[in-house]
Amino acid sequence: MLPYEQVAIVILNYNGKHFLEKFLQSVIDSSQGARIIVADNASTDDSVSWLEATHPTIETIVLDKNYGFTGGYNRALFQIDAKYFVLLNSDIEVPSQWLTPLLSLMESDESIAACQPKIKLYSDKKYFEHAGAAGGFMDYMGYPFCRGRIMDTLEEDLGQYDDTREIFWATGACLFVRADLYKEFGGLDERFFAHMEEIDLCWRLKSSGYSIKTVGNSEVYHVGGGTLSRDNPKKTYLNFRNGLFLLFKNLPTSKLFPVIFFRMVLDGIAGLRFLFKGETANLFAVLKAHRDFYLAFRYLIRQRGKVPIKSVNFNEVYKRLLVSEYFLKGRHKFSQLHELRNLK
């Protein structure tokens, strides 16, 4: 018997009543005895009163203000007693039996710290979704990508990623993680607020010898962009700033300054591209991201000291520059990244 009762499925909500109305029942119907908890980030809609009226048995944790994805989850999860946490976005529909393969894998090997199912588009379930797809990877410059999604190109799910295998990071949209490790490693870094925080956590876990997996016989369906659309300047800011945060915290000293310098040059090129396209708000978002990276130096230096073994020598780190492979060589599918496609 699998210990479903030791799993806490935690949905972080911020003004997402419409998503709860649409998707919460699917989670309830497929929970198989797992706890379901809605953590509310001080919503200003009537999410909490709706929950109390329509789902009085669902546990709720109501926070005093919006702490973002990172702070909201930390404040909720650190007060929950469970063996496993599932961080589940509110805009995800789950089918029956989605939980069983994830829990079975985690129960089979204590060295696996976290895993994810396949993340597919709710609007067209033949295709993978941007936030996680069939498992996360990273190139040596810190640019994240996935099996099934490179840059903005989504692949159709033809069964090509139905295996269970090691990845570099598991998506925060549906992250199954050991509760004791989540707490031991300090949870998500709250300075990130949102975006790439799960990559940072997974990198820290891998640097300490744990494994991260993707599970190909489980899938969920994600709306995506529920809080910030992909072209929103705030999202641009968070992605550029947090990309620098991620590298500075986790890179080995020998690679730190060369990689950071080259990454900032690439950010500058991206800023010029925004300028030429007339996207001045996104250009200023990049400049602000760099400014705030410098302002966070003291904090980031302290955080580096908390990662005992820093490495980029993982098989799941692509040794070529992804943006060059994508834009110059036209490699838009994971199967075209020769160093990675045959890894198990």
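This is a predicted model: local features need pLDDT of at least 70, side-chain atom pairs count only at pLDDT 80 or more; totals for chains, interfaces and linings use all residues.

Colleague: Which strand is Arg149 in?

Modeller: Strand E9, residues 149–150.

Colleague: And which side chain of opposite charge is nearest to Arg149?

Modeller: Asp152, but that is 6.2 Å away. Arg149 is buried and has no salt bridge.

Colleague: Is Met151 buried or partly exposed?

Modeller: Partly exposed, because its relative accessibility is 22% and buried means under 20%.

Colleague: What about the phi of His195?

Modeller: Positive as well, about 80°, and His195 is not a glycine either. His195 lies in the loop between H5 and H6.

Colleague: Changing topic. Where does Asn66 sit?

Modeller: In the loop between strand E3 (59–62) and helix H3 (68–77). Asn66 counts as partly exposed, because its relative accessibility is 33%.

Colleague: What polar contacts does the side chain of Asn66 have?

Modeller: One joins it to the side chain of Asn41 at 3.2 Å. The side chain of Asn66 also reaches the backbone nitrogen of Gly68 at 2.9 Å. Not counting residues up to four places away in sequence, Asn66 touches Tyr14, Asn41 and Ala42.

Colleague: Gly68 is in H3. How many residues of H3 are buried?

Modeller: Nine of ten, so the helix is mostly covered, at the under 20% cut-off. The buried ones are Gly68, Phe69, Thr70, Gly71, Gly72, Tyr73, Asn74, Ala76 and Leu77.

Colleague: What covers the buried residues of H3?

Modeller: The cover includes strands E1 (7–13), E2 (35–40), E3 and E4 (84–89). Helices H5 (179–184) and H6 (197–207) are also part of it.

Colleague: Now the core. Which residues touch the most other members in the largest nonpolar core?

Modeller: Tyr73, Phe85, Phe145 and Trp203, out of 82 residues in that core. Helix H7, residues 233–250, gives the most to this core, with eight residues. Apart from this core lies another, of 32 residues, among them Trp50, Ile58, Met106 and Cys115.

Colleague: Take Trp203. What is Trp203 in contact with?

Modeller: Leaving aside neighbours within four places in sequence, Trp203 is in contact with Met138, Phe168, Leu246, Leu247, Asn250, Leu251, Ser311, Val312 and Phe314.

Colleague: Next, Ser26. Is Ser26 buried or exposed?

Modeller: Buried, because its relative accessibility is 15% and the cut-off is under 20%. Ser26 is in helix H1, residues 17–29.

Colleague: What does the side chain of Ser26 have at 2.7 Å?

Modeller: The backbone oxygen of Phe23, which lies 2.7 Å from a polar atom of that side chain.

Colleague: And which residues outside its sequence neighbourhood does Ser26 contact?

Modeller: Ile92, Glu93 and Val94, leaving aside neighbours within four places in sequence. Ser26 and Glu93 are 67 residues apart along the chain, while their C-alpha atoms are separated by 6.1 Å.

Colleague: Last topic, the whole protein. How many helices and strands are there?

Modeller: Twelve helices and 14 strands. The radius of gyration is 19 Å, close to the 20 Å that the globule rule gives for 344 residues, so the protein is as compact as a globular protein of that length.

Colleague: What box do the C-alpha atoms fill?

Modeller: Roughly 55 × 45 × 40 Å, taken along the principal axes.

Colleague: And what share of the residues is buried?

Modeller: 57% of the 344 residues. On contacts, among those with a separation of 6 or more, residues 24 or more positions apart account for 77%.

How values were computed
Residues are numbered from 1 along each chain as its sequence is written. Side-chain values use heavy atoms; hydrogens and water are left out. A nonpolar core is a set of buried Ala, Val, Leu, Ile, Met, Phe, Trp, Tyr and Cys residues joined through side-chain atoms within 4.5 Å. Buried means under 20% relative accessible area, exposed over 50%, partly exposed in between (1.4 Å probe, protein chains only). Helices (H or I, at least four residues) and strands (E, at least two) are DSSP runs, numbered from the N terminus. Contact means heavy atoms within 4.5 Å. A polar contact is a pair of N or O atoms within 3.5 Å; within protein, one must be able to donate a hydrogen and the other to accept it, and residues adjacent in sequence count only if both atoms are side-chain atoms. Lys and Arg count as positive and Asp and Glu as negative; His and the chain ends are not counted. A salt bridge is a side-chain nitrogen of Lys or Arg within 4 Å of a carboxyl oxygen of Asp or Glu. The radius of gyration is taken over C-alpha atoms; the globule rule is 2.2 Å times the number of residues to the power 0.38.
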